[in-house]
There are 2 protein chains.
Amino acid sequence: MDQRTEIASIGEFGLIDHLTKNIEIKNASSLVGVGDDGAVIDHFGRQTVVSTDLLIEGIHFDLSYTPLKHLGYKAVVVNLSDIYAMNAIPTQILLSIGFSNRISVEALDEFYAGVYAACETYNVDLIGGDTSTSQKGFIISVTAIGEVAPDSYVKRSGAQVNDLICVSGELGSAFLGLTLLEREKRIFEETGAQPDLEGQAQIVGRLLKPEARKDIIEFFTEAEIIPTSMIDISDGLSSDILHICKQSNTGCVLYEDKFPFNEEAKEFAYKLQLDPTACALSGGEDYELLFTIPQSDFEKVKSNPLVSIIGYITAENEGSHLITRGGNKHPLVAQGWNHLKR
Amino acid sequence: MDQRTEIASIGEFGLIDHLTKNIEIKNASSLVGVGDDGAVIDHFGRQTVVSTDLLIEGIHFDLSYTPLKHLGYKAVVVNLSDIYAMNAIPTQILLSIGFSNRISVEALDEFYAGVYAACETYNVDLIGGDTSTSQKGFIISVTAIGEVAPDSYVKRSGAQVNDLICVSGELGSAFLGLTLLEREKRIFEETGAQPDLEGQAQIVGRLLKPEARKDIIEFFTEAEIIPTSMIDISDGLSSDILHICKQSNTGCVLYEDKFPFNEEAKEFAYKLQLDPTACALSGGEDYELLFTIPQSDFEKVKSNPLVSIIGYITAENEGSHLITRGGNKHPLVAQGWNHLKR
């Protein structure tokens, strides 16, 4: 970014035109997009799923090590992840941003390049939003909209006793990526040494450019699976399985030796003397799908390499526990992301 | 507010439970509300309208003279106004807030009391959102969702040459309210004198507790009127009629002597040596509906005291003008709200 164009020089309406001029609508359900008081959608007999997230600089992201393009991509993806977690297909987003005068038109172009890349990858339309100045920091609000066949949405509250607990992908990597970047930032601030991210592309990528599990929802359709409950892992496995148990009025048992890890991430955890299991349980931001299925669906999932069966649902009065590799039984505690961050 | 409960003492999930525990769903279209990854709605064959706004402390509101309850009410109403401006009926909202540790649970209770009061008045359901801490200031993001009979929505782009230009209610009051409150704040800061708002309830009310024109949309249905174009007045009459003209590829003529004013507001404007017409054109935040209708609908609107006919649509090459009381013709300029604020 060599050039710096002040936003004031093109004005609010000029900025909106500039940022949205290349939008091509991809979904037939997007009837009216950017540029009116509201957008109009028609899901033609399907039901509509909506979710929203607020992302604030200094709380949810650190611009000192987050490229704006990645931030735009991630801001969209984490919202789409919520739509998938309802067993729905995202179709539209609304995006509002607040920015201080530190931000140039070129910087917003970078951010929007990431936003549009995510829209392209996940086939969603940007149909509205708001732009504003802020007194301090960059503020992002995304509302994602999706569609689902009537009454095929999956809530957190449907888990049944003896259901299998499954998770997609690998756990704990995003937290390790954050730990690495925070460490390198500290070293840079103290010594001026450039970050050493050698060989850590996987964990850094998982933090800075996560993907939502569109493929898992497509697998459910092909395999004719409707999970009994589902949530995306944003706060950490521990916190999120407890959401399912609380809302389903059940307990659960998880097996540490079934947790899926990336080998590279595991090595890095040991190097930092961190327990990969703790990273999975309390790390958060993995954006994997955590879901329960009846035992009768076991055959359908067992050969899918993207899915790991990590435990089962129990009666509420049995509580929620982790069985360690050594065979010990520990109660699960919801610590969540913020706890570890501090 | 005598008591002060720190938000940290009840935690994020405790706070969400606390703020949402009394929600009663009012609309059949709200299938799944607060408490899952996403909310689910079904407009049962009607189309869905969505709109979103970001409100930032120090930019959009000043907590030194804005009661939190009023702020909650207004944050909802300004979004519903956008839904009405599409000729749709609002049904749901999503609400995200970011707050610093200056804010207590009791303060958020005040804010939510206003939010729920607006939901009650306009019959909409709060079905989701996000809560977060912020580094500085109070941040509000509202997404409003509404429904409309298939293809009955009204865009900004449908105005035709010779259409009548109509506006609901009265203009300029909100700007005068802001001027008064900013003046009293300055006096208080300089001299410690308590605000003198005597006799100014109308203009202060219009700024702090605006209402959205649900009644006008209901009138359209009863009178079987579908406007050719519509927008809500948030930036000022001048800026907003120019949006309609630009998107409809037309010009317009407005008559100063047809502008609707509140008598009390007009008196106050003269007292401050402000021109009420300038307040209407550039003041903004009136949240009245500005719309165009074919001349054949003249009989339907002429006896409605809530609607004023203030001009007509011309060909694009004739430009956009104001005819003053003295008979002079001035080109309309989009100055907008922010311009006047500074």
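Predicted model: local features only at pLDDT ≥ 70, side-chain atom pairs only at ≥ 80, totals over all residues.
**Exercise 1. The two domains of chain A**

Task: Find how far apart the C-alpha centres of domain 1 and domain 2 of chain A lie, and describe the side of domain 1 that touches domain 2.

Solution. 
Step 1. The domain assignment places domain 1 at residues 7-148 and domain 2 at residues 164-341 of chain A.
Step 2. Contacts between them involve 16 residues of domain 1 and 18 residues of domain 2 of chain A.
Step 3. On the domain 1 side, helix α2 (residues 68-84) of chain A gives the largest share, with 9 residues.
Step 4. Sorted by class, this side of domain 1 has 9 nonpolar, 5 polar and 2 charged residues.

**Exercise 2. How the two chains are related**

Task: State which rotation superposes chain A on chain B, and name the residue of chain A that comes closest to the rotation axis.

Solution. 
Step 1. Two copies of a chain are related by a rotation about an axis and a shift along that axis.
Step 2. Here the rotation is 180 degrees and the shift along the axis is 0.0 Å, and chain A then superposes on chain B with an RMSD of 0.0 Å.
Step 3. This is therefore the relation of a two-fold axis.
Step 4. The residue of chain A that comes closest to the axis is A:G45, whose C-alpha is at 3.1 Å.

**Exercise 3. The surface between the chains**

Task: Describe the side of chain A that touches chain B by its elements and by its residue classes. Then explain why the copies can be said to meet through the same surface.

Solution. 
Step 1. The contact involves 45 residues of chain A and 45 residues of chain B.
Step 2. Several elements of chain A supply at least two residues each, among them β1 (30-32), β4 (89-99), β5 (125-133) and β6 (139-148).
Step 3. The largest share on the chain A side comes from β3(A), with 9 residues.
Step 4. By class, this side of chain A has 18 nonpolar, 17 polar and 10 charged residues.
Step 5. Of the interface residues of chain A, 100% are also interface residues in chain B, so the copies meet through the same surface.
Step 6. Strand pairing also crosses from chain to chain: β2(A) pairs with strand β3 (residues 47-56) of chain B, antiparallel, over 3 bridges. For example, A:A39 has B:V50 in β3(B) as its bridge partner.

**Exercise 4. A covered strand**

Task: Decide which residues of strand β10 of chain A point one way and which the other way, and name the strands that pair with β10(A).

Solution. 
Step 1. In a regular strand the side chains alternate between the two faces of the sheet.
Step 2. From β10(A), A:L289, A:F291 and A:I293 point one way, while A:L290 and A:T292 point the other way.
Step 3. Strand β10 (residues 289-293) of chain A is mostly covered, with 5 of its 5 residues buried.
Step 4. Strand β7 (residues 164-168) of chain A pairs antiparallel with β10(A) over 4 bridges, and A:V167 stands opposite A:L290.
Step 5. β8(A) is also joined to β10(A) by 4 bridges, again antiparallel, and A:M230 stands opposite A:F291.

**Exercise 5. A sheet of chain B and its edges**

Task: Give the strand order of the open sheet of 7 strands in chain B and find its edge strands.

Solution. 
Step 1. In chain B the order is β8-β10-β7-β11-β9-β12-β13, and the pairing is mixed.
Step 2. β8 (229-232) and β13 (329-331) of chain B each have a single partner strand, so these two stand at the edges, with one side of each left without a neighbour in the sheet.
Step 3. On average, neighbouring strands of this sheet are turned by 25 degrees against each other, direction ignored.

**Exercise 6. One residue**

Task: Is B:L281 buried or exposed, and which residues is B:L281 in contact with, leaving aside neighbours within four places in sequence?

Solution. 
Step 1. B:L281 is found in helix α9 (residues 276-282) of chain B.
Step 2. A residue is buried if 20 or more other C-beta atoms lie within 10 Å of its own.
Step 3. B:L281 has 28 C-beta neighbours inside 10 Å and therefore counts as buried.
Step 4. Leaving aside neighbours within four places in sequence, B:L281 is in contact with B:G236, B:L237 and B:S238.
Step 5. B:S238 is 43 residues from B:L281 along the chain, yet their C-alpha atoms are separated by 4.7 Å.

Key
Residues numbered from 1 in each chain as written. Chains lettered and ligands numbered in written order. Domains from an automatic or database assignment. Contact = placed C-beta atoms within 7 Å. Nonpolar A, V, L, I, M, F, W, Y, C, P; charged D, E, K, R; others polar. Buried ≥ 20, exposed ≤ 12 C-beta atoms within 10 Å, placed from the backbone. Pairing = 2+ DSSP bridges. Least-squares fit on C-alpha atoms with pLDDT ≥ 70 in both. Axes fitted to C-alpha atoms, helices over the stretch in contact; angles between N-to-C directions.
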